[in-house]
Structure formats: structure tokens, C-alpha cells
Amino acid sequence: MENFVLKHAKEQLLAIYHKSIVFQFPFHIYFELAAFLTSVVFWYKIKNTRLRWFLPFLLLIVMVELYGKYLRNEHKSNAWLYNMSVPIEYLFYAFIFQSYFKTKIFKLIGQWFLAAFSLFVLINIFFVQGFWHFNTNILKAGSFSMILFSCFYFAELLKQESHIRLLKEPMFWIASGVFLFNTGEFVYTLFSDYLIKNHLDKARHIFSSINNKLIWVLYTCFIISFICMEKRRPKI
Amino acid sequence: MHGEEAAENLKQIIFGGTIAFLVLAGFIIFFSVMYLRRKNKHILEKKEMQSQYEQTLLQTQLEIQEQTLKNISQEIHDNIGQALSLAKLNLNTIPATNDELLQEKIINSKQLVSKAIVDLRDLSRSLDTDYVKEMGLLRAIEYELELIRKTGTINTQLIADGHISRLDKQKELILFRIVQETFNNIIKHSEAKNLVVNITYSLTEMTLSITDDGKGVDLSPLNESNSGFGLGIRNMHNRAKLIGADFSMNSSTDKGTSVKIVLPLQSQQI
């Protein structure tokens, strides 16, 4: 009898534990939230740099994730939400990259990408994949472009003739995070259409298990970039 | 069953491919970091060598300059000084005459030659490296101020504070040349009425400041790295750097100029 009571109490506690608000959110959201809070705490360092745009961007990401989670809990599709937020993410990273590029051709490619990718997103949403289904074409093009931009950044870094303190260079951490995230996601995006078409990742378990862990890496890199950066004079 | 196996295979391909791509990306980042570290080390070594080269060059220039000044000083003392002394002696040996005009001319000439001898002796002392080294920085500056004061255009004041001690002779000489250059600038350009030199010795550093109440100078062109402006000031700055001292200059229009040199007393080596 005593064992039964104990077992019952333990089950009850576990149920409460699982239902508690903390564990209702996937773990990766905490990384995004932590990155946003870090950008708030270190606002005094980033406010005069290009990185100041990370604060509203990260706020948007956190809000999208929370609303996406809410829609999932309500058993509603959240694909339309990510069809809007994912292009914004790519455009944002491209904007940051192109503003850091010093080589004329890289800068030009970055600026052209911003215009061309925006057009591509609109065409894909309105004429190709639609608004209500997850736009894998955007994911493919975006991932590939981000890998390319990260490589451009590293190429510029290797060519640089002046002394730089790499670990104190925020863009190095950001580029590393973006590079690892998109390289990791690239293989999945290559197969994404096939997987969706053949219902092989219907619950998107494969995508989530890869994507969520890569989010840890990406946002950890953002956090490090804010913490490590040295306070600078206004640049732009 | 066959479909499930294919799905499982595909899943493994995706996970395997993802890991392989991540390892590749990690390697690229690692390679970049290592390459940049090596490059940074090389840049620092190059900078260090450049700095050493510049210091050696500057030191050699200073040594040559000091040698030249010493030669001029000796030339003044031994030849021109001697010639003037002989001229004065000759003037003294001219027999007295009734011609008042001639007598007055002889007296005037004697006074002029005497003044020239005194001035040249002062100049010779100022230029002579050994003499400055012997006198010490404080005494040498006092002597220079005395010469300036004698001109009657600028009031001078020397304030020494703290435990006064002798520095390395080479450092004292370089400091003295900086002070001399500053005095020259004040005399030539400042139109100052007052000149104050303040030397403070503490346990860790010696602070030397020279302040005038002249018309001041606009220092903003100095911030432009490729400007030819302020060669003398840059020169003083380089000299101070050579002995590990910090050189700074402040000035504003009609409010005078102040030069400050802070020399750490820990390392007495050049």
C-alpha cells in the first residue's frame, strides 16, 4: 500500500514537472532567449556598432519561436510563420556580412543578394511553393548563400595584413556560428524535398534534431561575440 | 519493410553527411584561427623589428648630432674663443690716445668682444655634451633658463620637487635636448612673457613640465599622420620614446603651451 502511494506521488510530481512552463519550451529557445538577453546586457558595447541590429533581430527570433511553439501546441500549422521569419534571418545575416566586407566584389555580391533574394522569396511564396507550406527552396538558397558569405568573410580575414585579436573579433564568432549552422543544415536541405514528398520526416523529427542542436551552436557563438567584443568608438 | 529500410538508410546518410559537413566546417574555422595566429605572430615580430630599427636609427642620429654639437662647441671654445681673446688682448694693449672718438671706439669694441666671448662661452657650454652630462639635468636646465632670462624678454622660473636624483647620463642628455628644443620654440614663436619649468621626482617617475603664457599653437594638424607639420614636435616625441618617456603637448590659442614629459624611473636603460 505504502509503495503504491509513493509510486503514485512520484508519477504526479513527474507529471507536474513535465507540465511546468520551463519544460514546455524546447531547449533551443533558451539559447535564443539567452542571446537576446546578452545583447541587452552588452548593449553599451554594441550600440555604436553594426551589431546593434542584433537586439531587435534576436527579439524577433524569440517572439517567432514562442509563437511558433504556441501554434504547434494548438495543433495549427506554423509553416507560414517560418516562411516569413527564415527569409528575414538570411537577409539579416547577409546585411551584416555585406556591411563587414571590405573587398569590393564581395560587398557587391552581398548587396545584389539582398535584392535578388528578396525577389526570389516573393516569387517562391506567391508562385512556386505557396505561403502555407514550408518553403524549402528558400532554405536551400539561404543556407548555400550563408556558407558562401561565411567563406568570403574567412577569405578576407586570411588576407588581412594588420594584426587582429581574433577571439575578440565579434564578426569572427558570428561568421563561425552562421557557417557551422548552415553547413550542418545543408545536407538536410538537399534532401528536404524528397523527405517531405515521401513523408519520411512527417513529424520533422530529423529536421528538429539537427536544427535544434545547430541553434545551440549558432546562438552560443552570438553570445560569445557580444561578451568578447571590445568597446569601440562609433564606426557607422 | 523495404521502404522503412530505405528511410533508415536515408536518415543515416543525412546524419552522417551533416556530421561530415560539420567536421569540415570546424576544420576550416580551426585552420583559419591557426593561420591567423601565425600571421599575427609574424606581424608582431615585423613590427618589433621595425620599431627596433627605428630606435637604432634615431639613436645613431642623436649620437651623430651630439658629436657634431661637441665639435662645434670645441671649435667655438678653442678657435673662435681664442681668436676673440687675442683680439681683446690686442685692444687692451692699444696705447692710450688723446683722440676721444678713437678711445670711445676702442672701449666699445672691447665691450663688444667681451660680450661675444661670454655669449660664445655660454653657447659652447650649451652645446657641449660632456658639460651637460657633468652638470646634470637640473643644473643644465637652470643654466639655460638663466641665459633666457638674461635676454630680458622672458621671465623664467624653475620649480623642483621631490627627492632629486641623477638619472642615467644618456637619458639626461636626451631630456635636456628636448627641453632645449622646447625653449627654442618658445623663444622663436610663442611671444611669451613667462616661462615655468616644473620638475617633480617621485619614487616611480620623474615629471618634467614646461609651461609658457604665449600665443599658443594649433596642434590639430599633428593628428594627420602624413602631415609635414610639427617636425620638431614629432622629433621630440621620438626622442622621448627612445628613453621610454611619455611626451605630451597641450596648447590653445592665446592660452599658452605646455609640454609634459613623464619618465618612469624603474628601468634606467635605453
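Helices (H or I, at least four residues) and strands (E, at least two) are DSSP runs, numbered from the N terminus. With that in hand, select chain A of this predicted model: read along the sequence, the chain follows α-α-α-α-α-α-α-α-α-α, with 10 helices and 0 strands.

Before moving on, a word on conventions. Residues are numbered from 1 along each chain as its sequence is written, and chains are lettered from A and ligands numbered from 1 in the order in which they are written. Local features need pLDDT of at least 70, side-chain atom pairs count only at pLDDT 80 or more, totals for chains, interfaces and linings use all residues, and side-chain values use heavy atoms, leaving out hydrogens and water.

Of its 236 residues, 46% are buried.

Now select A:Phe54, A:Tyr93 and A:Phe222, the residues with the most contacts inside the largest nonpolar core, which has 72 residues. Such a core is a set of buried Ala, Val, Leu, Ile, Met, Phe, Trp, Tyr and Cys residues joined through side-chain atoms within 4.5 Å. Elements giving it two or more residues include helix 10 (205–228) of chain A and helix 1 (2–93) of chain B.

Zoom in on A:Phe222. Leaving aside neighbours within four places in sequence, its contacts (heavy atoms within 4.5 Å) are A:Ala35, A:Phe54, A:Leu58, A:Tyr93, A:Ile174 and A:Val178.

For a last stop, pick A:Leu122 in helix 7 (residues 104–128) of chain A. A:Leu122 counts as partly exposed because its relative accessibility is 46%.

Terms used:
Buried means under 20% relative accessible area, exposed over 50%, partly exposed in between (1.4 Å probe, protein chains only).
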